Amino acid sequence: LADGGEGSHDCLRELRPDLHETPLDLPDSIDQIIETTYLFEQTPRIMHAYLETARVIGLELPGARGRKLIHRSTAGVGRWMRHVIDASDGPLHLHLFLGGSATSDGGFGLARAVGFRFRDTDGELIEEFQHTRRLAAVEAPEGRAPDTISVYTDVQTPLTGPDGAARLFGPQKGASPAEVEELEELLAHLGAVLAKQDPAGQPPGHTTPGAGAAGGMALPLLY
């Protein structure tokens, strides 16, 4: 039994022994290259690929707690997404199991690795999450994108607020009270900028229950 966090890969593999498992080297939350595996299947109509994100950026991976939370990144998950997108040549459904992450970057690293560009008020690129307080615009990546992305989590955590990604889970990941409030500010601003640019005109994705799961990792996927 797994809830979307640690153990989801093994449970899925046991339930679906027909799935293929393949290795891939990816950066973890502190940019150390690790070898992990993911599951996939190619049907006549569509490719399904499955990743337990804790196997890439998990809090319990070696060294994860040794770097301040604001400097940990979800880029490894984005690199996996980019790898699968580039490797597929037809319809694609990505499945992401959230939970147990060492990160709280609102999916900033993930989005950059997939191809999103973040720009400040002067039009300059922002390359580090701690500088997103200057964020003014987000450019979506060009080219192919998955047809469907499914995200699995067992929490209803909002992005921000007393029960949000920073204030509820930041201390568990080693953040000090001051660091928690800095993360709260950055996540709120990132969510607001993304919502302002949402062309669908729907309710802001950052208010969606579960948007704060895994440090807000799914936030860019909601737009």
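Me: Among contacts in the protein chain between residues at least 6 apart in sequence, what percentage joins residues at least 24 apart?

Reply: The figure is 66%. Contact means heavy atoms within 4.5 Å. This is a predicted model: local features need pLDDT of at least 70, side-chain atom pairs count only at pLDDT 80 or more, and totals for chains, interfaces and linings use all residues.

Me: What makes a stretch of the protein chain count as a helix or a strand?

Reply: Both are DSSP runs, numbered from the N terminus: helices are H or I and at least four residues, strands are E and at least two. By that rule, the protein chain has 7 helices and 7 strands. Along the sequence, they follow the pattern α-β-β-β-α-α-β-α-β-β-β-α-α-α.

Me: How do you know what radius of gyration to expect of a compact globule with 223 residues?

Reply: There is a globule rule: 2.2 Å times the number of residues to the power 0.38, with the radius taken over C-alpha atoms. For 223 residues it gives a value near 17 Å, and the protein chain has 17 Å, so the two agree. Along the principal axes, the C-alpha atoms fill a box of roughly 45 × 35 × 30 Å.

Me: What makes two strands a pair?

Reply: DSSP must find at least two bridges between them. Take S1 and S2 (residues 33–42): they have 8 bridges, in the antiparallel sense. That meets the cut-off of at least two, so they pair.

Me: How do S2 and S3 connect, and in which sense do they run?

Reply: A hairpin of 4 residues joins S2 to S3. The two run antiparallel, with 4 bridges between them. Gln42 has Met47 in S3 as its bridge partner.

Me: In which sense do S3 and S4 run?

Reply: These two run parallel, and 6 bridges join them. Ala49 stands opposite Leu94 in S4. In general, strands of a sheet pair through backbone hydrogen bonds, either parallel or antiparallel.

Me: What makes S1 and S7 edge strands of the sheet?

Reply: The open sheet has 5 strands in the order S1-S2-S3-S4-S7, with mixed pairing. S1 (20–27) and S7 (148–152) each pair on one side only, which puts them at the edges. From one strand to the next, the twist averages 25°. Helix H1 (residues 8–15) packs on this sheet, touching S1, S2, S3 (47–52) and S4 (92–97), and its direction makes about 35° with that of S2. Helix H3 (residues 75–87) packs there too: it touches S1, S2, S3, S4 and S7, at about 160° to the direction of S4. Such angles run from 0 to 180 degrees between N-to-C directions, using axes that are lines fitted to C-alpha atoms, for helices over the stretch in contact.

Me: Ala214 has a relative accessible area of 11%: is it buried or exposed?

Reply: Buried means under 20% relative accessible area, exposed means over 50%, and partly exposed lies in between, with a 1.4 Å probe and protein chains only. Ala214 has 11%, so it is buried. Asp31 has 57%, so it is exposed. Asp31 is found in the loop between S1 and S2, Ala214 in helix H7.

Me: What makes phi of Asp31 worth a note?

Reply: Phi of Asp31 is near 70°, a positive value in a residue other than glycine. Ala214 also has a positive phi, near 55°.

Me: Why is S3 called mostly covered?

Reply: 6 of its 6 residues are buried. Met47, Ala49 and Leu51 lie on one side, with His48, Tyr50 and Glu52 on the other.

Me: What makes a set of residues a nonpolar core?

Reply: They must be buried Ala, Val, Leu, Ile, Met, Phe, Trp, Tyr or Cys residues, joined through side-chain atoms within 4.5 Å. The largest such core has 23 residues, and Trp80 and Val84 touch the most other members. Elements that give two or more residues to this core include S1, S3, H3 and S4. H3 gives the most, with 5 residues. Apart from this core lies another, of 22 residues, among them Phe108 and Leu219.

Definitions and conventions:
Residues numbered from 1 in each chain as written. Heavy atoms only, no water.
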